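My notes follow in the order in which I looked.

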Amino acid sequence: MTTLIKNGTVVSATGRHAAEVLVDGTSIVAVMAPGSAPAQAAESGADRVIDATGKYVVPGGIDCHTHMELPFGGTFASDTFEIGTRAAAWGGTTTIIDFAVQKTGENVRDCLDLWHSKAEGECAVDYAFHMIMGGVDDAALKEMDSLVDEGITSFKLFMAYPGVFYSDDGQILRAMQKAANNGALITMHAENGIAIDVLAEQAAARGQTDPVYHGITRPSRMEGEATNRAIQLALVAGAPVYFVHLSASEALERVAEARDAGHNVFAETCPQYLYLNLEDHLGAPGFAGAGYVCSPPLRTKEHTHHNDLWRGLRTNDLAIVATDHCPFCMKDQKELGKDDFRAIPNGIGGVEHRMDLIYQGVAMGELSLERWVETCSTTPARMFGLYPQKGVIAPGSDADIVLYDPMAKTEISVDTHHMSMDYSAYEGYTIDGKVDTVMSKGRVLIEDDTYHGEKGHGAYLRRGLSTYLQ
Ligand code: DUC
Ligand code: ZN
Ligand code: ZN
């Protein structure tokens, strides 16, 4: 089956140009000058011609930070791989990198096998895994080498959540030394969890149990401190480090300093830190703030009004936008913490709206069109060893292609989203731009506001080593 995409503007990380894209089977086979191919399917020789007049033709989005079915606080993130990857497709994301989970005391191999069994045959789009290491010991360190050989080339460590996922500085150093040796990338949740747990306990003892105290007891300084500590450990180990879900200006400053000094230090941020804040959202009346409990927490308006994170995205101190998609319903899930914010499962669902919310940055003048593609697709592919199979519209790459309509609007609401959540963190937003058509490996998944995909279309991706490091 061949498909010709005509009359669109192809956008890459380095520029935009009018071009025709020919897809054969699952791959892109040619990117041609406009007018190279006849307009009609029969004459062009293509089985199908898609008219992309007025649309941007961009590589499918790559969300390198999702948590389908994550066990957390006695419950599980509400999106299965089937539902979550379908929602991703709706939003123009054609690859996810999910986090397989080893908690403290569990066996890495068993945990990875479990994650494969959750995802296999279920996904609408391609998927890969990072491995969360919640218990860095000799066995886990040894396992890191075999996981790299199996295409799991990045590992997440936590400086937060003592007793569940937490690694101490010695464990972090040892994992980083291993990464320096085998080429893996350590991704870091940088918050000082030991201090945070003290603050949270003290707040609860004072009767401060509302959702907003989740944010108040996780000060941005504790992200800045942990970010600095992780950078120093990485420099000692001679390993690169990548900060997930960077939320605080203090953390961004530490990353920027390290990058200015030429170090392999990288970071991502997430839409929730660009658009939502502690006072209005986490501090919403009643229990509504529970829907905005995630870690790191939403930051105060003082942080968000400086637009530091948008600036970081422009300067590449923030290289990637991912979602940390970790949805929980209010009913029966967020409600677990009705009387104590510490029992609210941490996470916000967002896999469906990342491309739109960051395109809104283009519409607002915060990012260039090219930078949108780079932060949402090309750099994730390069950072995590998927390039050039993913992340670019070029001959030989997978035909993961999004036609994006800059003139249409996207309305975000619980009534229309496809995630398994009984609320939306962005309820009522109407933003510029809309995902029009989504193709994954040559197959159209979204067209005319209809889903044409199926579970099992998405396959497991063995990743290579990062090609982003200096
Ligand atoms: N942060 C969240 O909000 N949820 C899951 C794990 C994490 O680090
Ligand atoms: Zn995290
Ligand atoms: Zn996460």
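I began with helix α9 (residues 249-260), where Glu257 and Arg254 both lie, three residues apart, about one turn of the helix. The model is a predicted one, so I read every distance below as computed from it. Glu257 and Arg254 form a salt bridge, with the closest N and O atoms 2.8 Å apart. I looked up accessibility for both partners. Glu257 has a relative accessible area of 45% and is partly exposed. Arg254 is at 22% relative accessibility and also counts as partly exposed, because the buried class ends under 20%.

I then asked how many salt bridges the same rule finds. The count comes to 31. I noted the general point that side chains of opposite charge can pair when their charged atoms come close.

Arg218 forms a salt bridge with Glu191, and the closest N and O atoms are 2.8 Å apart. Arg218 sits in the loop between α7 (212-216) and α8 (220-237), while Glu191 sits in the loop between β12 (185-189) and α6 (193-205), 27 residues apart. Are these two residues buried or exposed? Both Arg218 and Glu191 are buried.

I also looked up Asp340 and Arg342, whose side chains meet in a salt bridge of 2.9 Å, N to O. Arg342 counts as partly exposed, at 45% relative accessibility.

One group goes beyond a single pair. I found Asp126, Lys390, Asp398, Asp400 and Lys441 linked in a network of salt bridges.

Entry on Asp317. I placed Asp317 in the loop between α13 (308-315) and β15 (320-321). Its relative accessible area is 13%, so Asp317 is buried. Which side chains does the side chain of Asp317 reach in polar contact? One is Arg259, at 3.4 Å. Another is Thr315, at 3.1 Å. Setting aside residues up to four places away in sequence, I listed what Asp317 touches: Leu252, Val255, Ala256, Arg259, Ala267 and Gly312.

Entry on Arg371. I found Arg371 in helix α15 (residues 369-383). At 9% relative accessibility, Arg371 counts as buried. Leaving aside neighbours within four places in sequence, Arg371 is in contact with Leu313, Arg314, Asn316, Leu318 and Ala319. I also checked Arg371 against Gly361: the two are 10 residues apart in sequence and 10.0 Å apart in space, C-alpha to C-alpha.

Entry on Thr2. I placed Thr2 in strand β1. Thr2 is at 15% relative accessibility and counts as buried. Not counting residues up to four places away in sequence, Thr2 touches Val23, Asp24, Gly45, Ala46, Asp47 and Arg48.

I finished with the domains. The chain is divided into domain 1 (2-58 + 391-409 + 431-451) and domain 2 (60-382). I noted 32 Å between the centres of domain 1 and domain 2, taken over C-alpha atoms.

How many residues of each domain are in contact with the other? The answer is 29 residues of domain 1 and 26 residues of domain 2. Between them the two domains bury about 2,200 Å², of which 63% is on carbon and sulfur atoms.

I then looked for polar links across this boundary. Two salt bridges are counted between domain 1 and domain 2. I also looked up Arg16 and Glu370, which form a salt bridge with the closest N and O atoms 2.8 Å apart. Seven residue pairs are in polar contact between domain 1 and domain 2, both residues at pLDDT 80 or more.

Last, I asked which elements give two or more residues to the side of domain 1 that touches domain 2. They are β1 (2-12), β2 (15-24), β5 (56-59), β16 (401-411), β17 (430-440), β18 (443-447) and β19 (450-451). β17 gives the most to that side, with eight residues. By class, I noted 15 nonpolar, seven polar and seven charged residues on the side of domain 1 that touches domain 2.

Methods. Residues are numbered from 1 along each chain as its sequence is written. Chains are lettered from A and ligands numbered from 1 in the order in which they are written. This is a predicted model: local features need pLDDT of at least 70, side-chain atom pairs count only at pLDDT 80 or more; totals for chains, interfaces and linings use all residues. Side-chain values use heavy atoms; hydrogens and water are left out. Domain bounds come from an automatic or database domain assignment. Contact means heavy atoms within 4.5 Å. Buried area is the accessible area (1.4 Å probe) that two parts lose on being put together, summed over both. A salt bridge is a side-chain nitrogen of Lys or Arg within 4 Å of a carboxyl oxygen of Asp or Glu. A polar contact is a pair of N or O atoms within 3.5 Å; within protein, one must be able to donate a hydrogen and the other to accept it, and residues adjacent in sequence count only if both atoms are side-chain atoms. Helices (H or I, at least four residues) and strands (E, at least two) are DSSP runs, numbered from the N terminus. Ala, Val, Leu, Ile, Met, Phe, Trp, Tyr, Cys and Pro count as nonpolar, Asp, Glu, Lys and Arg as charged, and the others, Gly among them, as polar. Buried means under 20% relative accessible area, exposed over 50%, partly exposed in between (1.4 Å probe, protein chains only).
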